[in-house]
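My notes are below, point by point.

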Amino acid sequence: MVDINENFLSLGKSYLFQRIAEKKTAFLQKHPEADLLDLGIGDTTLAPPKVAIEALIRAGNQMLDSPIGYGPSTGYLFLKEAICNEYYKPLVSSSLSKTTSYAPSSDEVFISDGAKSDTALLENLFAKESKICVCDPVYPVYVDSNALAGRLDPGYENAIYAQCTEENGFTPKPPSSAKEPVADIIYLCSPHNPTGIAFSYEALKKWVDYALEHKSVIIFDAAYSAFVTDPSIPKSIYEVENAEKVAIECGSFSKGASFTGLRCAWCVIPQSVIRSGKSLNALWNQYKSITSNGVSYPIQKAAEALFTPEGKCAIEENAKSYMASAQKLHSGLKNLNWKVFEKPSAPYVWCKSPVPLSSWELFDLLLEKAHIIATPGSGFGKSGEGYIRFSAFAKPSAIDKALVRLSQLYQEA
Ligand code: PLP
């Protein structure tokens, strides 16, 4: 009999969103009539830009006349070039950090079905003994994928945690060289899920400098970059000087362009990231050709259309709308004396209850008394205990209703 991969046994009890889904199902079985407001998962509720859907349909029709088969496993050149020319080049030239001139070239861009897959799979590039460092709280995929790779013990105690706290404004510094082991693979997410807070140039530069000093590699998850409007906040780690020597960046069309159901993303591995004498770019090329036949042609055509003026404008409008909802939720909760934190750069509101409750107790209270689903902070890590995350990707009407119910809850308490 074949044995299973024992690394599955070191995985956390259950994936956070799975546990929430189970609680939601149980609640709806008990209260089928309830008008449940889901401010939990960060799924988009606005439609993808029309120009993208039109391109998708055109590409589908094109396949009727002249079928297109397997594409390149790392993505079509047309989309890679659009990402380089329409996203990175303008970003670098307008960057506040005038010391950097790096913008990726098309051979450094890899197209995939999602930043989730990329952030989960990139660990394959590294030795099993590599030490990982993550922020706490953290998007669970980074730790779970490393547990599956056998890099973490049950309980994940042997990862290095950079704690996001109220004291450090939820943007931690790199580990102290004197006191902690060297972090080999560093996962950073900015704007950060779950707090919504983003790293400033100065804060991010500290991590880049740490990685340069220790020859670490940073996996920078920029899935929420579309929501950054403050010029003092980098959208890309490559806006920071020398980041191209140490950083892989994962970008996504999911959140900004409502592509969560269409699935398309990219990662950049600069040619200059060399470890053990090997180019990580070349290794990832090999990995992709072994494991993937790429993302479908119509989806990549839809993604390409996002870089037209119409596409860019639609992304901006969508982002504005989500951020307006986040602002509304933020002010509403603040008025109700919840402890909310300044200043989110993604449509998440990270807060503490006005009464001392654990994250799951607060989750249960909101579900039972206000029929609202939010995400317990402790599900993202120990430092998230006592906090909860509201997602403002929900429909504006749900945000309005949620605020009314929360104020009623407050009056009843
Ligand atoms: N990275 C972070 C930090 C996320 O929060 C999410 C989704 O919630 C993803 C990646 C997933 O992105 P994608 O839809 O591109 O797989």
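This is a predicted model: local features need pLDDT of at least 70, side-chain atom pairs count only at pLDDT 80 or more; totals for chains, interfaces and linings use all residues.

1. The volume of the largest cavity comes to about 30 Å³.

2. Who sits around that cavity? The lining is made up of Thr-45, Leu-46, Ser-321, Tyr-322, Ser-325, Ala-392, Ala-394, Lys-395 and Pro-396. By type, that splits into five nonpolar residues, three polar and one charged. Helix H9, which runs over residues 309-335, is the top contributor here, giving three residues to the lining.

3. Now the open side of things. The largest pocket has about 1000 Å³ of space, and 40 residues line it. If you want to find its centre on screen, go to Ser-225, Ala-226, Phe-227, Val-228 and Lys-235, the lining residues that lie nearest to it.

4. Which helix gives the largest share of the pocket lining? H9 does, with nine residues.

5. As for the make-up of the pocket lining, count 22 nonpolar residues, with nine polar and nine charged ones besides.

6. Why does the largest pocket count as lying between the domains? Because its lining takes residues from both domain 1 (6-47 + 310-412) and domain 2 (52-307).

Notes: Residues are numbered from 1 along each chain as its sequence is written. Side-chain values use heavy atoms; hydrogens and water are left out. On a 1 Å grid over the protein atoms alone, a cavity is a set of points where a 1.4 Å probe fits but cannot get out, and a pocket is an open set with protein on both sides within 12 Å along at least five of seven lines; lining residues have an atom within 4 Å of a point. Grid points are joined across faces, edges and corners, and a volume is the space filled by probe spheres set on the points. Helices (H or I, at least four residues) and strands (E, at least two) are DSSP runs, numbered from the N terminus. Ala, Val, Leu, Ile, Met, Phe, Trp, Tyr, Cys and Pro count as nonpolar, Asp, Glu, Lys and Arg as charged, and the others, Gly among them, as polar. Domain bounds come from an automatic or database domain assignment.
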